[in-house]
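Please keep the sequence and the structure in view while reading.

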Amino acid sequence: MSTYIPGIILLVFLVSCTPSNSDPTEGQVDGYAPVYAFATDVTNISLEASRTTGSAGKIYAFGNFLLQNDLYQGIHIIDNSNRSQPTKTAFLKVPFSTEIAIKGKYLYTNNLNDLVVFDVSNMSRPQLIKRVENVFPLVEQTHPPFLSTQFECVDPAKGMVVRWERKRITNPKCRR
């Protein structure tokens, strides 16, 4: 009996494997869809009116202000001088920002793979003072970073893939 066990394990292993980008699925399934961007979308930085938080990231305390990263969107500027009632005052739109740090009067964040630096000595008017390009290497994203999942195939004509979003997708043609 024990001589059959390695064969059974090998058979189970081979049956459970599916090749990449095969077996398209019909209908709607939970999977991943690429999020695309063009270079012009990435560098469009601006100060805007306050808005609701979409995907909350890190919070940084700076004097009487709180700065909250809204993942992939930018940074909320929150007046915290009345600690019992913080008030959002503005939104610093920095596309594809995921991290923030402050040192002295400077705010540092990523703008996709670039490092951007703002002078925040006047929090009502943060000033972009420097951009250092290609500080953070881009990872080529031809597929989501997950195994055993279905996803929409990448279409380079739509731009570069900057991240993956889990959602209901229809008739996915790619699998990993």
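## Strands S9 and S10

Val116 stands opposite Arg131 in S10. The strands S9 and S10 run antiparallel and are joined by five bridges; strands here are DSSP runs of E of at least two residues, helices are runs of H or I of at least four residues, and both are numbered from the N terminus. The model is predicted, so local features are reported only at a pLDDT of at least 70 and side-chain atom pairs only at pLDDT 80 or more, whereas totals for chains, interfaces and linings use all residues. Residues are numbered from 1 along each chain as its sequence is written, and side-chain values use heavy atoms, with hydrogens and water left out.

S9 and S10 belong to an open sheet of four strands in the order S7-S8-S9-S10, with antiparallel pairing; two strands count as paired if DSSP finds at least two bridges between them. S7 and S10 are the edge strands, each pairing on one side only. On average, neighbouring strands of this sheet are turned by 25° against each other, direction ignored; the axes are lines fitted to C-alpha atoms (for helices over the stretch in contact), and angles run from 0 to 180 degrees between N-to-C directions.

## The five-stranded sheet

A further open sheet, of five strands, has the order S2-S6-S5-S4-S3 with antiparallel pairing. Strand S2 (46-48) and strand S3 (56-62) each have a single partner strand, so one side of each is left without a neighbour in the sheet.

Leu67 has Ile77 in S5 as its bridge partner.

## The nonpolar core

In soluble globular proteins, nonpolar side chains tend to be buried together. The largest nonpolar core of this model has 14 residues, of which Leu67, Ile75, Leu92, Val94, Leu107 and Phe118 touch the most other members. Such a core is a set of buried Ala, Val, Leu, Ile, Met, Phe, Trp, Tyr and Cys residues joined through side-chain atoms within 4.5 Å. At least two residues of this core come from each of S5, strand S6 (87-93), strand S7 (100-103) and S9.

Asn111 is placed in strand S8 (residues 106-111) and is buried, with a relative accessible area of 0%; buried means under 20% relative accessible area, exposed over 50%, and partly exposed in between (1.4 Å probe, protein chains only). A polar atom of the Asn111 side chain lies 2.8 Å from the backbone oxygen of Val42. Beyond residues up to four places away in sequence, the residues that Asn111 touches include Val42, Val116 and Arg131.

Leu112 lies in the loop between S8 and S9 and is buried, at a relative accessible area of 12%. Not counting residues up to four places away in sequence, Leu112 touches Val42, Pro95, Phe96, Phe136, Leu138, Met160 and Val162. The C-alpha atoms of Leu112 and Val162 are separated by 7.8 Å, although the two residues are 50 residues apart along the chain.

## Salt bridgesThe count comes to six salt bridges, a salt bridge being a side-chain nitrogen of Lys or Arg within 4 Å of a carboxyl oxygen of Asp or Glu. Arg131 forms one with Asp114, the closest N and O atoms being 2.8 Å apart. This pair links Arg131 in strand S10 (residues 127-132) with Asp114 in strand S9 (residues 114-119), 17 residues apart. Arg131 is partly exposed at 25% relative accessibility, whereas Asp114 is buried at 8%.

Arg168 and Asp30 meet through their side chains in a salt bridge of 3.4 Å, N to O. Arg168 lies in strand S12 (residues 160-170) and Asp30 in strand S1 (residues 28-37), so the pair ties together parts that are 138 residues apart in sequence. Arg168 is partly exposed, with a relative accessible area of 45%, and Asp30 is partly exposed at 44%. Another salt bridge joins the side chains of Glu48 and Arg51 (3.7 Å, N to O); Glu48 is partly exposed at 28%, and Arg51 is partly exposed at 32%.

## The chain as a whole

The protein chain has two helices and 13 strands. Of its 176 residues, 34% count as buried. Among contacts in the chain with a separation of 6 or more, residues 24 or more positions apart account for 50%.

Methods
Polar contact = N/O pair within 3.5 Å; in protein donor to acceptor, adjacent residues only side chain to side chain. Contact = heavy atoms within 4.5 Å.
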